[in-house]
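Here is a brisk tour of one chain. Keep the sequence and the 3D view at hand while reading.

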Amino acid sequence: MQKKQKPLVEIYADGACSGNPGVGGFGAILRSGEKEKELSGCDMMTTNNRMELLAVIAAMEALKNPCKITITTDSNYVIKGMTEWITGWIKNKWKNSQKKDVLNRDLWERLLKASSSHEVKWVWIKGHIGHPENERCDKLAKAAIKKCKVRN
């Protein structure tokens with residue numbers, strides 16, 4: 001009996017902030033085969049790093065089944081956090097290399113949980129150089145900021 005293949009999913013994610021801290025927004029694109037979904041959201045008082053994390057979290061939490069995912073983002077913070085730093089943070093009881101509390105621990109824990117059932121490949125790209133999906137995510141994030149400002 002052949003094991004069922006996990007669906008392949010591409011996730012593109014970006015966060016933005018108007019002031020840092022300030023009003024923030026995120027945008028994400030999920031793509032699997034011909035299907036595509038856009039997600040966005042905002043927060044009235046946040047940081048750019050929190051929005052970068054939330055973009056990836058929202059996309060992963062939208063997935064219903066374990067998948068093989070490629071996450072593409074221009075956030076070194078997210079990439080390095082998940083591929084280099086997080087193991088040490090956990091080992092050191094959520095303290096960073098300066099023995100201080102890890103910033104955004106709540107979101108890192110949420111991202112760990114959201115990614116636990118998936119096979120994840122992390123891809124960093126340089127931002128604002130015309131990468132089509134990265135530019136779309138940036139627009140989604142900035143539109144979310146505008147909506148947030150109007151609502152409040």
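## A proline between two strands

Pro-21 sits in the loop between strand 1 and strand 2. The model is predicted. The peptide bond from Asn-20 to Pro-21 is cis, and its omega is near 15°.

Strand 2 and strand 3 run antiparallel, joined by 10 bridges. Leu-30 has Lys-37 in strand 3 as its bridge partner.

## A threonine in strand 4

Thr-72 belongs to strand 4. Is Thr-72 buried or exposed? Its relative accessible area is 9%, so Thr-72 counts as buried, the limit being under 20%. Leaving aside residues up to four places away in sequence, Thr-72 touches Ile-11, Tyr-12, Ala-13, Val-123 and Ile-125.

## Nonpolar cores

The largest nonpolar core holds 33 residues. Ile-11, Trp-108 and Leu-111 have the most contacts inside it. At least two core residues come from each of strand 1 (8–19), strand 2 (22–32), helix 1 (48–61), strand 4 (68–73), helix 2 (76–91) and helix 3 (105–115). Helix 1 gives the largest share, nine residues.

What does Leu-111 touch? Not counting residues up to four places away in sequence, its contacts are Leu-53, Val-56, Ile-57, Met-60, Met-82 and Trp-122. A second core is separate and has five residues, including Ala-16, Val-23, Ile-145 and Cys-148.

## Helix 2 against helix 3

Helix 2 and helix 3 pack with their axes 11 Å apart, at an angle of about 100°. Helix 2 is therefore roughly perpendicular to helix 3. On the helix 2 side, the contact is made by Tyr-77, Val-78, Gly-81, Met-82, Ile-86, Trp-89 and Ile-90. Helix 3 contributes Trp-108, Leu-111, Leu-112 and Ser-115. Leu-111 and Met-82, both in this contact, also touch each other.

## Aromatic pairs

There are five aromatic pairs in the structure. In one of them, the ring centres of Trp-85 and Trp-89 are 5.9 Å apart. Their planes meet at 45°, so the pair is tilted. Why are these two about one helical turn apart? Because Trp-85 and Trp-89 are four residues apart in helix 2.

Ring pairs join Tyr-77, Trp-85, Trp-89, Trp-94 and Trp-108 into a cluster.

## Two lysines with positive phi

The loop between helix 2 and helix 3 holds Lys-93. Lys-99 lies in the loop between helix 2 and helix 3 as well. Phi of Lys-93 is near 55°, a positive value in a residue other than glycine. For Lys-99, also not a glycine, phi is positive too, near 65°.

Are these side chains buried or exposed? Lys-93 has a relative accessible area of 67%, so Lys-93 is exposed. Lys-99, at 68% relative accessibility, also counts as exposed.

Notes
Residues are numbered from 1 along each chain as its sequence is written. This is a predicted model: local features need pLDDT of at least 70, side-chain atom pairs count only at pLDDT 80 or more; totals for chains, interfaces and linings use all residues. Side-chain values use heavy atoms; hydrogens and water are left out. A nonpolar core is a set of buried Ala, Val, Leu, Ile, Met, Phe, Trp, Tyr and Cys residues joined through side-chain atoms within 4.5 Å. Buried means under 20% relative accessible area, exposed over 50%, partly exposed in between (1.4 Å probe, protein chains only). Contact means heavy atoms within 4.5 Å. Two strands pair if DSSP finds at least two bridges between them. Rings of Phe, Tyr and Trp (its six-membered ring) pair if their centres lie within 6.5 Å; planes under 30 degrees apart count as stacked, over 60 as edge-to-face and the rest as tilted. Axes are lines fitted to C-alpha atoms, for helices over the stretch in contact, and angles run from 0 to 180 degrees between N-to-C directions. Angles under 35 degrees count as roughly parallel, over 145 as roughly antiparallel, 65 to 115 as roughly perpendicular and the rest as oblique.
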